[in-house]
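Here is a brief report for a reader meeting this structure for the first time. Please keep the sequence and the 3D view open while reading.

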Amino acid sequence: MNVTLRQLRAFTGVYRTRSITRAARELGITQSAASLLVQQLESQLGIKLFDRSTRSVQPTLAADEAFHSAERMLSDALGLSRRMRDLAQARAGRVAFLASAGAASALLPLVLARFRACHPDIEIDMRDVAADDLVPRLSATDAEFAIGSVEGRFAEMTIETLIRGRLSAIGRRTADFAARRALTWDELAQFPTIAMRRETRIRMQIDQALGAQGKRLDPTYEVTLINTALAMTAQGLGLAILPATMLPADQFPTLIARPLVRPAITRPVSLLQRQGRTLSPAAQAFVATARTVLAERAGQTSRAEGRSHTEARSSQKPGLSCSCSSREWRRGRDSNPR
């Protein structure tokens, strides 16, 4: 039995109006087409639904029983159609994704806020994990994609770089620090520093790049979380060594970043997807938002570095020093127990 939605619409229209003519008008079809659809439905069901005369159309007992079922079927079909349309247009649905802890704390809150404003009815399931867990967790869970810093190639994975951040010295917005355009790693060694632990990817990259030039990073403090490093820096405990893009200005307005050079090191934040898997429309919309917001973030970071330097040079007076001189910082570092 192949009952169609058009047949059910014609049947319910005739049942409600008790007229083939009025039902046809509501459906926007001819009277003969409406009559044929009802006849086809009767043939499919093997039972008469209406008693017709030249003056009236009266439903049979079978029509009375069939009407509510037909209404439910039409309602379900309409609901399905609307749901699929909402999903296709990213007005509904669910986005499940993974994010490295650093990206989740520093970059994604702004992405989430922008996406929520445009797509308030989409459910968001963000799972923040260690960067090393991104690939194995993406392969083993229902997450559609992952955002974070990874290196190398991975089987059955596509990697797209969303943003690159230069490793920078992040410190308090004092006159002498803001006046610097950049710091070399040798200059950085004159100050107390806050670095990520040796087992983290970012620290491994730093140690490898410095080792290739016969240099070594000897930080005053080592931490596991980016926010810990920034919070310590905000208290004047040292310069944090992080990508400039990982500095959320709204959370740490007193901090600024200055690029580290000789060597210059960059860290990517990438989008990871499983090959051959199509993202849902909701996920596609989220990824599009992430691309836009992170591109804006990169531009803002670059402009902020240049603006802070210009402001510092224009306001600096002879003899003006920061609240903690490099000599005091150095002394604090030397006296710090390890």
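## A residue in helix 12

T289 sits in helix 12, which covers residues 281–315. This is a predicted model. T289 has a relative accessibility of 13%. Buried means under 20%, so T289 counts as buried.

What does T289 touch, once its neighbours within four places in sequence are left aside? Its contacts are V111, R114 and F115.

## The chain as a whole

The protein chain has 338 residues, and 43% of them are buried. It contains 13 helices and twelve strands.

The chain exposes about 17900 Å². Carbon and sulfur atoms supply 50% of that area.

Strand 3 spans residues 94–100. Is it enclosed or open to the outside? Six of its seven residues are buried, so strand 3 is largely enclosed by the rest of the structure.

Strand 3 pairs with strand 4, residues 123–129, in the parallel sense. Seven bridges join these two strands. Strand 3 also pairs with strand 5, residues 145–148. That pairing is parallel too, and it runs over three bridges.

F97 can be followed into both pairings. In strand 4, the residue opposite F97 is M126. In strand 5, F97 stands opposite F145.

## Helix 1 against helix 3

Helix 1 covers residues 5–17, and its axis comes within 8 Å of the axis of helix 3. The two axes cross at roughly 105°. Helix 1 is therefore roughly perpendicular to helix 3.

Which residues meet here? Helix 1 brings R6, Q7, L8, A10, F11 and V14. Helix 3 brings A34, L37, V38, Q40, L41 and Q44. By class, eight residues of this contact are nonpolar, three are polar and one is charged.

## Helix 2 against helix 3

Helix 2 runs over residues 20–27, and helix 3 over residues 31–45. They pack at an angle of about 105°. Their axes lie 8 Å apart. Why do they count as roughly perpendicular? Angles from 65 to 115 degrees fall in that class, so helix 2 and helix 3 are roughly perpendicular to each other.

The contact uses I20, T21 and A24 from helix 2. From helix 3 it uses Q31, A34 and S35. Three of the contact residues are nonpolar and three are polar, with no charged residue.

## V38 in helix 3

V38 belongs to helix 3. Is it buried or exposed? Its relative accessibility is 1%, so V38 counts as buried.

Set aside the neighbours of V38 within four places in sequence. V38 is then in contact with A10, F11, V14, F50 and R52. F50 lies twelve residues from V38 along the chain. The C-alpha atoms of V38 and F50 are separated by 8.8 Å.

Note on methods
Residues numbered from 1 in each chain as written. Predicted model: local features only at pLDDT ≥ 70, side-chain atom pairs only at ≥ 80, totals over all residues. Heavy atoms only, no water. Axes fitted to C-alpha atoms, helices over the stretch in contact; angles between N-to-C directions. Helix = DSSP H or I, 4+ residues; strand = E, 2+ residues; numbered from the N terminus. Parallel < 35°, antiparallel > 145°, perpendicular 65-115°, else oblique. Contact = heavy atoms within 4.5 Å. Nonpolar A, V, L, I, M, F, W, Y, C, P; charged D, E, K, R; others polar. Buried < 20%, exposed > 50% of the residue type's maximum accessible area, 1.4 Å probe, protein only. Pairing = 2+ DSSP bridges. Areas by Shrake-Rupley, 256 points an atom, 1.4 Å probe, with all protein chains shown as cover.
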